Amino acid sequence: VPTRLFAAASSSSQSGLSILSPMLTPTTLNSFDFSPIATPLPISTVSPSSTLPTQDLPYAIPIATRRKIQNDIDEVRPVTRSRVLFASNKDENSFSVNEAIKPKFNIESSLNNSMPPLISAFVNVNVNENDNKLNKTNLEIFKTLISYGNGFKLLCNYQCKEALSHFQSLDHSLLDTAWVQCQIGRAYFEMGAYHKSKKAFEFARKLEPYNLQGMEIFSTVLWHLRLDMELSHLAHQLVEVDKVSPQTWCAVGNCFSLQKEHETALKFFQRAIQIDSKFVYAYTLAGHECVAKDDFDKAQIYFRNALLLDERHYNAWYGLGMIFFKQQKYETAEFHFS
């Protein structure tokens with residue numbers, strides 16, 4: 001809404017924050033005034049034929065800008081029965097009854113494949129009278145999102161073989177992307193094929209060396225393969241890219257864990273938790289380090305915190321089962337393993 005925009009601009013200039021500033025620092029964010037506008041523009045009082053009132057604005061608006069703002073207001077305003085029945089055909093802001101009651105276009109009917117509910121909830125497009133058909137580019141984008149969503153759904157359900165076959169059936173333009181290669185590497189990791197997982201993650205690193213998503217899994221793959229030199233090199237690269245990322249400190253912690261320095265590794269995993277308290281994998285890694293130190297009480301705390309964030313995180317269930325197994329509580333261990 002225009003008044004809210006100009007009021008925010010005036011309040012930011014008073015607080016010393018420049019709108020054209022390329023970076024927002026914590027000091028400038030604290031000084032920025034986020035209080036709501038006292039007198040916002042009353043949209044309901046503006047009629048289709050009236051002009052935009054200028055007394056609420058700090059300065060006069062050009063006619064072209066005023067007409068654009070007026071059109072935006074008319075689009076936001078809800079459709080009433082009087083507007084549909086009594087709108088004049090000569091008025092450029094008016095519309096017919098058929099346009100008012102026209103249903104939304106459902107992209108699901110235009111595609112051959114069925115759409116997952118999560119994606120179909122977001123893909124719901126309004127089509128104007130002058131634009132009744134979506135172009136081929138938009139349809140290809142929607143098909144690509146559906147393909148990604150189907151593969152990711154299979155991987156989240158730990159149907160790793162089906163997810164691999166789905167991702168590998170994509171076109172090369174979609175297959176040779178860092179996100180897809182990370183999902184392939186994760187699928188191989190869940191299957192225990194660490195060498196194939198390593199190749200997929202290395203390819204993803206070549207495509208996007210500054211993308212840190214999935215690097216905590218990649219570092220664990222190198223930990224299982226006992227490749228201490230490559231794991232150390234990966235940790236150094238991630239530290240140079242981003243020092244405030246939980247993936248970075250998980251990789252550093254795995255590097256020290258491979259060297260049997262469990263106390264130092266635990267500190268780095270705690271650093272990852274400090275950066276992102278909802279990063280589930282860091283809790284699991286910290287729990288495993290506590291198990292290596294025979295500190296089962298703290299290990300249970302880390303594993304249970306991981307399950308509070310994600311109850312389907314099987315790594316934490318396995319960690320708890322191993323603790324009870326070492327304590328010879330076999331029935332409780334069996335419960336967590338099953």
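In this predicted model, 10 aromatic pairs are found. One of them joins Phe-201 and Phe-218, whose rings are stacked with a centre-to-centre distance of 5.4 Å and an angle of 20° between the planes. This pair links distant parts of the chain, since Phe-201 belongs to helix α11 (residues 194–207) and Phe-218 to helix α12 (residues 215–224), the two being 17 residues apart. Both partners are shielded from solvent: Phe-201 is buried, with a relative accessible area of 1%, and Phe-218 is buried at 5%. A further stacked pair is formed by Phe-256 and Phe-268, with ring centres 5.2 Å apart and planes at 20°. Because Phe-256 is located in helix α14 (residues 246–258) and Phe-268 in helix α15 (residues 262–275), this pair ties together parts that are 12 residues apart in sequence. Phe-256 is partly exposed, at 27% relative accessibility.

Ring pairs also connect Tyr-148, Phe-152, Phe-167 and Trp-179 into a cluster. A ring is involved in another kind of arrangement at Trp-223, where the charged end of Arg-226 sits over the ring at 4.4 Å from its centre.

For Phe-303, when neighbours within four places in sequence are set aside, the contacts are Thr-284, Gly-287, His-288, Val-291, Ala-316, Gly-319, Leu-320 and Ile-323.

Two buried serine residues take part in polar contacts between side chains. Ser-219 is located in helix α12 and is buried, with a relative accessible area of 0%. The side chain of Ser-219 is joined to that of Asn-254 by a polar contact of 2.9 Å. Apart from neighbours within four places in sequence, the residues in contact with Ser-219 are Leu-231, Leu-234, Cys-250, Ala-251 and Asn-254.

Ser-245, by comparison, is placed in the loop between α13 (228–241) and α14. This residue is likewise buried, with a relative accessible area of 5%. A polar contact of 2.5 Å is made between the side chains of Ser-245 and Gln-247. When residues up to four places away in sequence are not counted, Ser-245 touches Leu-212 and Ile-275.

Charged side chains form three salt bridges. In one of them, the side chains of Lys-198 and Glu-202 meet at an N to O distance of 2.6 Å. These two residues are four residues apart in helix α11, and so are separated by about one helical turn. Lys-198 is buried, at 14% relative accessibility, whereas Glu-202 is partly exposed, at 29%. Lys-198 also forms a salt bridge with Glu-230, with an N to O distance of 3.6 Å. As Lys-198 lies in helix α11 and Glu-230 in helix α13, this bridge ties together parts that are 32 residues apart in sequence. Glu-230 is partly exposed, at 35% relative accessibility. Through these contacts Lys-198, Glu-202 and Glu-230 are linked in a network of salt bridges.

A salt bridge is also formed between the side chains of Glu-263 and Lys-293, at 2.6 Å from N to O. Distant parts of the chain are linked by this pair: Glu-263 is in helix α15 and Lys-293 is in the loop between α16 and α17 (296–309), 30 residues apart. Glu-263 is partly exposed at 45% relative accessibility, and Lys-293 is partly exposed at 32%. Helix α15 accordingly holds Phe-268, the stacking partner of Phe-256 in helix α14, as well as Glu-263, the salt-bridge partner of Lys-293.

Notes:
Residues are numbered from 1 along each chain as its sequence is written. This is a predicted model: local features need pLDDT of at least 70, side-chain atom pairs count only at pLDDT 80 or more; totals for chains, interfaces and linings use all residues. Side-chain values use heavy atoms; hydrogens and water are left out. Rings of Phe, Tyr and Trp (its six-membered ring) pair if their centres lie within 6.5 Å; planes under 30 degrees apart count as stacked, over 60 as edge-to-face and the rest as tilted. Buried means under 20% relative accessible area, exposed over 50%, partly exposed in between (1.4 Å probe, protein chains only). A charge sits over a ring if NZ of Lys or CZ of Arg is within 6 Å of the ring centre and within 35 degrees of the ring normal. Contact means heavy atoms within 4.5 Å. A polar contact is a pair of N or O atoms within 3.5 Å; within protein, one must be able to donate a hydrogen and the other to accept it, and residues adjacent in sequence count only if both atoms are side-chain atoms. A salt bridge is a side-chain nitrogen of Lys or Arg within 4 Å of a carboxyl oxygen of Asp or Glu.
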